[in-house]
Amino acid sequence: MINKIKTAQEAVAPIQDGATIMVGGFMATGTPEILIDALVEKGVKNLTVICNDAGVPGRGIGKLLTNGQIKTLIASHVGLNPEVAQKMNTDVPEDKLECILVPQGTLAERIRAGGAGLGGFLTPTGVGTIVAEGKQVINVDGKDYLLEKPLKADFALIRGSVTDEFGNTLYNEAT
């Protein structure tokens with residue numbers, strides 16, 4: 001049997017510059033802070049981060065933002081972290097953040113589609129709005145839908161309370 005328990009540094013060791021990571025949690029609650037700290041310590045750059053939100057300054061994804069490690073952020077809520085707007089609007093190219101806002105339900109479904117091996121899904125959410133820009137519109141029985149493509153990542157970081165050597169994990173008070 002292979003013991004699946006690792007230190008935070010061992011867990012993030014395979015994550016290299018330019019990787020795409022998904023991060024669990026909601027408004028920094030349930031975010032894998034120890035793994036985020038290990039990524040900050042490691043100093044990987046140009047990450048694409050897929051998560052619910054941008055955390056808050058000094059917590060969650062906010063630590064990676066402050067450290068300039070995120071190139072692209074795909075999230076549904078960024079309003080609690082003013083650094084997102086600052087980095088989106090900077091004139092310094094190497095500090096510029098690409099932020100892709102995705103409606104919450106659509107974000108969850110895009111992640112699910114990626115995990116299920118689907119090519120995407122159709123949703124009426126965003127039809128006729130700025131959300132539809134650059135997306136394929138498909139008409140089914142007289143109703144327009146947007147084709148939302150799946151989201152996939154190289155790594156997923158989650159927070160657990162207790163894990164055994166088999167990798168079974170218990171979650172306590174995680175949103």
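Student: What makes β2 count as largely enclosed by the rest of the structure?

Tutor: Look at residues 47–51 in this predicted model. Buried means under 20% relative accessible area, and five of the five residues of strand β2 fall in that class, so the strand is largely enclosed by the rest of the structure.

Student: Which way do the residues of β2 point?

Tutor: L47, V49 and C51 point one way, while T48 and I50 point the other way. Both sets are buried.

Student: How do you know that β1 and β2 pair?

Tutor: Pairing takes at least two bridges between the strands. Strand β1 (residues 20–23) and β2 have four bridges, in the parallel sense, so by that cut-off they pair. One spot to check is I21, whose bridge partner in β2 is V49.

Student: Why is the link from β1 to β2 called a right-handed crossover?

Tutor: Point the strands away from you: if the path from the first strand over the helix to the second runs clockwise, the crossover is right-handed. Here the chain goes from β1 through helix α2 (residues 33–42) to β2, and this β-α-β crossover is right-handed.

Student: How many helices and strands does the protein have?

Tutor: Five helices and 10 strands.

Student: And what makes the protein as compact as a globular protein of that length?

Tutor: Set the value against the rule. The globule rule gives 16 Å for 175 residues, and the radius of gyration is 17 Å, close to that, so the protein is as compact as a globular protein of that length. The C-alpha atoms fill a box of roughly 55 × 45 × 30 Å along the principal axes.

Student: What share of the residues is buried?

Tutor: Buried residues make up 35% of the 175. As for the surface, the protein exposes about 9900 Å², with carbon and sulfur atoms supplying 54% of it.

Terms used
Residues numbered from 1 in each chain as written. Predicted model: local features only at pLDDT ≥ 70, side-chain atom pairs only at ≥ 80, totals over all residues. Heavy atoms only, no water. Buried < 20%, exposed > 50% of the residue type's maximum accessible area, 1.4 Å probe, protein only. Helix = DSSP H or I, 4+ residues; strand = E, 2+ residues; numbered from the N terminus. Rg over C-alpha atoms; globule rule 2.2 N^0.38 Å. Areas by Shrake-Rupley, 256 points an atom, 1.4 Å probe, with all protein chains shown as cover.
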